[in-house]
Amino acid sequence: DLFDEATSGDAVTLSMRTRFIELKSTKAGDPWAVLEGGWRGHRLRCVAFPTLWATVEPPAPGDAVIVRGQLRFRDGQPAIWVQELTRISLT
């Protein structure tokens, strides 16, 4: 269950549609992003750190993606630390 804090640290794989992408950069200027998406009627945040973000084709809001990563909780809310991000072509 993605909303049970007892599952923090578990590996997860899911598909979702991105709603919002917040681009950020480290103090050294390396880009990274926080993706917010919809998953089974819930809002879910996915954090793509610089090493990963530099290797993927960035999705746009509305894109469908497959997210593989590790489940974490911040302020009681689930977030996925992304280890793999793949855009899904719906055509």
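Predicted model: local features only at pLDDT ≥ 70, side-chain atom pairs only at ≥ 80, totals over all residues.
Q: In what pattern do the helix and strands follow along the sequence?
A: The protein chain holds one helix and five strands. Read along the sequence, their order is β-β-β-α-β-β.

Q: Why does the radius of gyration of the protein chain agree with a compact globule?
A: The C-alpha trace spans about 40 × 35 × 20 Å along its principal axes. For 91 residues, a compact globule would have a radius of gyration near 12 Å. The protein chain agrees with that, because its own value is 13 Å.

Q: What share of the contacts with a separation of 6 or more comes from residues 24 or more positions apart?
A: A contact needs heavy atoms within 4.5 Å. Among contacts in the protein chain with a separation of 6 or more, residues 24 or more positions apart account for 50%.

Q: How far apart do the centres of the positive and negative side chains lie?
A: The protein chain carries 11 positive and 11 negative side chains. The centres of these two sets are separated by 3 Å.

Q: Are the rings of Trp32 and Phe49 stacked or edge-to-face?
A: The count of aromatic pairs comes to two. In the pair of Trp32 and Phe49, the ring centres lie 6.1 Å apart and the planes meet at 20 degrees. Planes under 30 degrees apart count as stacked. The pair is therefore stacked.

Q: Which parts of the chain does the pair of Trp32 and Phe49 tie together?
A: The two residues are 17 apart in sequence. Phe49 sits in the loop between strand S3 (42-48) and helix H1 (50-53). Trp32 belongs to residues 31-39, so the loop is tied to strand S2.

Q: Is Trp32 buried or exposed?
A: The cut-off for buried is under 20% relative accessible area. Trp32 has 18% relative accessibility, so Trp32 counts as buried.

Q: Which aromatic residue pairs edge-to-face with Phe49?
A: Phe49 itself is partly exposed, at 37% relative accessibility. Its edge-to-face pair has 5.6 Å centre to centre and 85 degrees between the planes. The partner lies in strand S5 (residues 77-88), 32 residues from Phe49. That partner is Trp81.

Q: Which residues form the one aromatic cluster?
A: Trp81 counts as partly exposed, at 37% relative accessibility. Trp81 belongs to the one cluster, formed by Trp32, Phe49 and Trp81.

Notes. Residues numbered from 1 in each chain as written. Heavy atoms only, no water. Helix = DSSP H or I, 4+ residues; strand = E, 2+ residues; numbered from the N terminus. Rg over C-alpha atoms; globule rule 2.2 N^0.38 Å. Lys, Arg positive; Asp, Glu negative; His and termini not counted. Charge placed at Lys NZ, Arg CZ, Asp CG, Glu CD. Phe/Tyr/Trp six-rings, centres within 6.5 Å; stacked < 30°, edge-to-face > 60°. Buried < 20%, exposed > 50% of the residue type's maximum accessible area, 1.4 Å probe, protein only.
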